[in-house]
Amino acid sequence: MRRTLLVPGAILLASIGVAYAGPNSTQEKPGSTEPKMTPEDAAKRNPVPATSEGMAEARKLYGYNCAMCHGKSGDGKGDLAADMKLDLRDWRDASSIEKMTDGELFWIVSNGKGKMPGEGDRTPEKTRWNFVNVVRSFAKKSAADKPKAEAPPS
């Protein structure tokens, strides 16, 4: 008799455990918990000038935290991006971010986007603004590398 009650009891307990472990219909979908950028966030202007010291610090951290996906030169072709089959912007091309405000870039650096984790509280605000300067510098550096068009003869 104990055996006949033990088996259905075990099945009942397992069913309850599965029900609690499964997704709750009142919970939001995983993708909807991502923070949203506000117009105030996007309107922010970079208060940190691009100094050699600030840029050097941000480039060093970029090398540790970002280059694996975004590439050393900002081309979007880092090793991890290739492995994960991510299609990232080529920041060397100014048109890839010219319509993005400094506030938008800062928000993405701080909060992340898609599979990219944000720097959030682990990186000081000034350094995150310097990341914006670094991202913008990739296009400037690329433009400086391009040969200048010759002036037409007068």
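The questions below ask how the terms used for this predicted model follow from its computed values.

This is a predicted model, in which local features need pLDDT of at least 70 and side-chain atom pairs count only at pLDDT 80 or more, while totals for chains, interfaces and linings use all residues. Residues are numbered from 1 along each chain as its sequence is written, and side-chain values use heavy atoms, with hydrogens and water left out.

Q: Why is tyrosine 62 called buried?
A: Buried means under 20% relative accessible area, with exposed meaning over 50% and partly exposed lying in between (1.4 Å probe, protein chains only). Tyrosine 62 has a relative accessibility of 5%, and therefore counts as buried; phenylalanine 138, at 6%, counts as buried too.

Q: What makes the pair of tyrosine 62 and phenylalanine 138 tilted?
A: Rings of Phe, Tyr and Trp (its six-membered ring) pair if their centres lie within 6.5 Å, and planes under 30 degrees apart count as stacked, over 60 as edge-to-face and the rest as tilted. The centres of tyrosine 62 and phenylalanine 138 are 5.3 Å apart with 55 degrees between the planes, so the pair is tilted. Tyrosine 62 lies in helix H3 and phenylalanine 138 in helix H7, so the pair ties together parts that are 76 residues apart in sequence.

Q: Which residues touch the most other members of the largest nonpolar core?
A: A nonpolar core is a set of buried Ala, Val, Leu, Ile, Met, Phe, Trp, Tyr and Cys residues joined through side-chain atoms within 4.5 Å. Of the 20 residues in the largest such core, Tyr62, Trp91 and Phe131 touch the most other members. Helix H7 (125–145) is among the elements that give two or more residues to this core, and the largest share, six residues, comes from H7.

Q: How do you know that cysteine 66 and cysteine 69 form no disulfide?
A: A disulfide is a pair of cysteine sulfur atoms within 2.5 Å. The closest cysteine sulfur to that of cysteine 66 belongs to cysteine 69 and is 8.7 Å away, which is too far for a bond. The structure accordingly holds zero disulfides.

Terms used:
Helix = DSSP H or I, 4+ residues; strand = E, 2+ residues; numbered from the N terminus.
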